[in-house]
Amino acid sequence: EGRRPPRPPPCPPSCSCTQDTAFCVDSKAVPRNLPPEVISLSCTCPSWHPAVSPCSHPVLMPSPSPCSLLNSNKFTLIGDNAFAGLSHLQYLFIENNDIQALSKATFRGLKSLTHLSLANNNLQTLPRDLFKPLDILSDLDLRGNTLACDCQIKWLVEWLESTNTTVPAVFCSSPGHFEGQRIQDLVLGDFQCITTDFVVHQVLPFQSVSAEPFTYASDLYVALAQPGASSCAILKWDYVERKLRDFDHIPAHSAVHCKPIVAQEQLYVVVAQLFGGSYIYRWDTSVDKFIKIQDIDSQKIRKPNDIEAFQIEGEWYFVIADSSKAGSTSLYRLNQNGFYSHQALHAWHRDTDVEYVENDGKPRLIIASSSQAPVIYQWNRAQKQFAPQGEVGEMLDVQMVKHFRVKRDQFLCLSRYIGDSKVVRWEGQRFVELQTLPSRGSMVMQPFSVGQRQYLALGSDFSFTHVYLWEEEKQKFAKFQELLVQAPRAFRSVLAADVQLLLAPSFKAKTMVYRHVVVDLS
């Protein structure tokens, strides 16, 4: 008779607790300090959910008080470890609230939970692997929520396919093409959750106007023309640090292009300069340095702008676009002793760019000019020379011409500094305009592909660089991303081991190196 009765288990002020049950009224948050032996938690208040009358909701478990399964409380967010310490909890019903968000670790520690209801809340999404801690969950109710069937809910579709938990039908509230569909009926292929991004990988602390990646002796290099530093910088890819590092420098007082050519197991670099002539260097393996082997005719090449190298019938050629009034765009061919003049192509037209293209198995050159529309030259196999074939539309003042291929179709990108740039498609005998892109101040319009994706980088001296992504169904480019590159002069895509890079030389600022990443939105 002298002993005191046992103290009741701790219980929050708004709750009534027995040895294994907690019943909470009008809670503003998930109750804390519940007895650790609790196996059933219900929360309720006098104002019932307007769409559901008391006791009318289907119950998921035998209960002496089914009305307590309707929980109309005032909290909207349930955070991490909300039910910490309730390792014996078997039944949890969070219903008829305005719950809008759950944290990923909301149910951490509930290793005994078998029945969970989140019905009639305002949940639009669920954190990935939300139910992973619930090893023995047998019944789950998600009905009455406004779930958006987007990429953030894709994991739930995967989980529903593999789980043994009983889940009544749940319906999508959005987006429009999924509205009203059962989530259980969706297939993973319905979700388009893979996207990409270009992120800064490396910043090179110098200005440059061209970038040319090349492979020599199984190593990856990049040649960059640096007129401000009077140099052609050769950088080498570091496979350990996964960055470009200094390798060598070729003196070039006013370099506008440094074109590496790996031919007949030799490495050549054609150095085009605005002043002081242009030269060809060769890598000498006996002394591990670049040696100048020949000059380029300064009477023909007075103001070089671009260099393209290619092979025709096993022979190596390069062509230099010359932008002076008195110069001539010229073709050079490699023989045993070096590269020698092979053909004068386009004289006195102030050419700005040249592109090598093969259409229908026929080699062609397309030369852009500031004085006329781009000119097409076709290779004559008998004479082993290029002959004029026609022009590309009626576009003047084209700064750059580049090509790309999608399946069997061949396209050209024509960039203009004043006016709109254009994308044209080859249709048998001529190029036909396909798309117009606003491009005030553009000096570069470079298509490039990464895997199955076709991109287009359109630079500008006055605004951001716009990256476009090709839409096959619409047969045109759509805006994809903006990059901050000041006065870009080139864009070159290159695969460095498993890293896909985009080189962006800048005439006014540091040279940027971007990395292409794949993002799973789910």
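Biologist: Is Asp141 buried or exposed, and what is its relative accessible area?

Modeller: This is a predicted model, in which local features need pLDDT of at least 70, side-chain atom pairs count only at pLDDT 80 or more, and totals for chains, interfaces and linings use all residues. Residues are numbered from 1 along each chain as its sequence is written, and side-chain values use heavy atoms, with hydrogens and water left out. Buried means under 20% relative accessible area, exposed over 50%, and partly exposed in between (1.4 Å probe, protein chains only). Asp141 is therefore buried, its relative accessible area being 0%.

Biologist: Which residue meets the side chain of Asp141 in a salt bridge?

Modeller: A salt bridge requires a side-chain nitrogen of Lys or Arg within 4 Å of a carboxyl oxygen of Asp or Glu. For Asp141 the N to O distance is 2.9 Å.

Biologist: How far apart are the closest N and O atoms of Arg245 and Asp238?

Modeller: Arg245 is partly exposed, since its relative accessible area is 40%. Arg245 and Asp238 form a salt bridge whose closest N and O atoms are separated by 3.0 Å.

Biologist: Which parts of the chain does the pair of Asp353 and Lys402 tie together?

Modeller: Their side chains form a salt bridge with an N to O distance of 3.7 Å. The two residues are 49 apart in sequence, so the pair ties together strand S22 (residues 351-359), which holds Asp353, and strand S26 (residues 398-406), which holds Lys402. Helices (H or I, at least four residues) and strands (E, at least two) are DSSP runs numbered from the N terminus. The parts joined are thus S22 and S26.

Biologist: Why is the pair of Phe83 and Phe107 called stacked?

Modeller: Rings of Phe, Tyr and Trp (its six-membered ring) pair if their centres lie within 6.5 Å, and planes under 30 degrees apart count as stacked, over 60 as edge-to-face and the rest as tilted. By this rule there are 27 aromatic pairs. The ring centres of Phe83 and Phe107 are 6.2 Å apart, and the pair is stacked because the angle between the planes is 10°.

Biologist: Are Phe404 and Phe411 buried or exposed?

Modeller: These two rings form a stacked aromatic pair, 4.8 Å centre to centre with 10° between the planes. Both Phe404 and Phe411 are buried.

Biologist: How buried is Phe107, by its relative accessibility?

Modeller: Contact means heavy atoms within 4.5 Å. Beyond its neighbours within four places in sequence, Phe107 is in contact with residues including Phe83, Leu92, Leu116 and Phe131. Phe107 counts as buried because its relative accessibility is 0%.

Biologist: Over the ring of which residue does the charged end of Lys292 sit?

Modeller: A charge sits over a ring if NZ of Lys or CZ of Arg is within 6 Å of the ring centre and within 35 degrees of the ring normal. The charged end of Lys292 is 4.1 Å from the centre of the ring of Tyr279.

Biologist: How many of the residues of strand S35 are buried?

Modeller: Val499, Leu501 and Leu503 point one way from S35, whereas Gln500, Leu502 and Ala504 point the other way. S35 (residues 499-504) is largely enclosed by the rest of the structure, because the buried residues number 6 of the 6.

Biologist: Over how many bridges do S35 and strand S36 pair?

Modeller: Two strands pair if DSSP finds at least two bridges between them. S35 also pairs with strand S34 (residues 492-496), in the antiparallel sense over 5 bridges. S35 and S36 form a hairpin with 6 residues between them. Their pairing is antiparallel, and S36 covers residues 511-520; the number of bridges is 4.
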